[in-house]
Amino acid sequence: MNARRSQRPAGISRRDLIGIGAGLCAAAATSTPANAQSKAVFKASDVQPPGYPTVVATENLGKKLSAATNGRLSVQMFPSMQLGGEKETIEQTQIGAIQMLRVSAGSIGPIVDDINVVNMPFLFKNMAHAERMMDGPIGQELLDKITANANAGLVALCWMNSGARSLYNTKRTIKAIADIKGLKFRVIGNPIFVDMMNALGGNGVAMGYDQVFSALQTGVIDGAENNPPSYVFSNHYTAAKHFTLTEHLIVPEVLVFSKRTWSALSPDDQALIKTSAREAQMEERVLWNKYEQEAMEKARAAGCEIVEIADKAPFQAAVKPVWDKYGPKYQSMIARIQSV
């Protein structure tokens, strides 16, 4: 009995396994080893809506796989949280019920601790700095750490842009750090983010992305922190009209594949998927830049208050306790990233 439990992927309960057993059977039927030349339809999940850059890039990846294999390999996209929030879809990917998943590095951090280095507040100077990290050897090294983690059950394919995360709320204008005090902000369920929000003077509330909109509407939370496209295209801007560009986090997205399904693929198919994913990484970036601009324009047109923070030093100083608590563990990697 104990031996069986030790082999269960991290974060999976017995009830989880029973509840999605049917999905696992269906996934296994479509994931027969490629050398058998049977068709494989990979289920892909994203919490974001159709048209979102990560969704489009993953769909395009599927089209490339289909074209390269004459339809033998393809991707079926499930956007808009159809298969669950990030926590639920990570668990389904771990056991092979979902094959491909776009997920925030913030949600991967609690599973693969090495990835938490990119979840540190104000780690990156700007998006260009983050992109150099993602595109270079450090980026690949961090992806490899996800793949190598025995408990994760995931193969990390590539990074995707998700811009800089800022604060938005339903209550008041935030122009200075004192304005944050006492407000309840949703954060990704990662202790680093809860501690970060508390250090800024707010109250960090860990919550699934699928619950944020209703929580803003009902007052369960006063605000959240995310990038402009998530703020606008998940309709959060209709409830929270005050958007402040603190840009306190630049948290990349990760496209992962189920290791259970991956192990059934031929080396050639694995190589093809990796190549296509790298292309998707660069395509998504172009899509992202355009989408982010459209989001800001839509927010302004809707009458949302957009506040720019010229001096971020007080915000950076406030999160020093987070760096003191978590930074020493990642000191070497932090130094390498900051020198990119």
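Colleague: What percentage of the 340 residues in the protein chain is made up of buried residues, and how is that word defined?

Modeller: Buried residues account for 54% of the 340 residues in the protein chain. A residue is called buried under 20% relative accessible area, exposed over 50%, and partly exposed in between, with a 1.4 Å probe and protein chains only. The model is predicted: local features need pLDDT of at least 70, side-chain atom pairs count only at pLDDT 80 or more, and totals for chains, interfaces and linings use all residues. Residues are numbered from 1 along each chain as its sequence is written, and side-chain values use heavy atoms, with hydrogens and water left out.

Colleague: Which residues of helix α16 are buried?

Modeller: In α16, residues 331-338, the buried ones are Met 333, Ile 334 and Ile 337. A helix here is a DSSP run of H or I with at least four residues, a strand a run of E with at least two, and both are numbered from the N terminus.

Colleague: Why are these residues said to lie on the same side of α16?

Modeller: They cover an arc of only 100° around the axis, and therefore they share one side of α16. The arc is that of the directions from the helix axis to the C-beta atoms. The face turned away from the buried side carries the exposed residues Gln 331 and Ser 332.

Colleague: What do the buried residues of α16 pack against?

Modeller: They pack against α7 (127-135), α8 (137-148) and α15 (320-326). Contact means heavy atoms within 4.5 Å.

Colleague: What makes a space a pocket, and what volume lies in the largest pocket?

Modeller: On a 1 Å grid over the protein atoms alone, a pocket is an open set of points with protein on both sides within 12 Å along at least five of seven lines. The largest pocket holds about 510 Å³, a volume being the space filled by probe spheres set on the points.

Colleague: Which residues lie nearest the centre of the largest pocket?

Modeller: Of its 29 lining residues, Glu 86, Lys 87, Ser 107, Ile 188 and Gly 189 lie nearest the centre. Lining residues have an atom within 4 Å of a point. Helix α5 gives the largest share of this lining, six residues.

Colleague: How does the lining of the largest pocket divide by residue type?

Modeller: It divides into eight nonpolar, twelve polar and nine charged residues. Asp, Glu, Lys and Arg count as charged; Ala, Val, Leu, Ile, Met, Phe, Trp, Tyr, Cys and Pro as nonpolar; the others, Gly among them, as polar.

Technical notes:
On a 1 Å grid over the protein atoms alone, a cavity is a set of points where a 1.4 Å probe fits but cannot get out, and a pocket is an open set with protein on both sides within 12 Å along at least five of seven lines; lining residues have an atom within 4 Å of a point.
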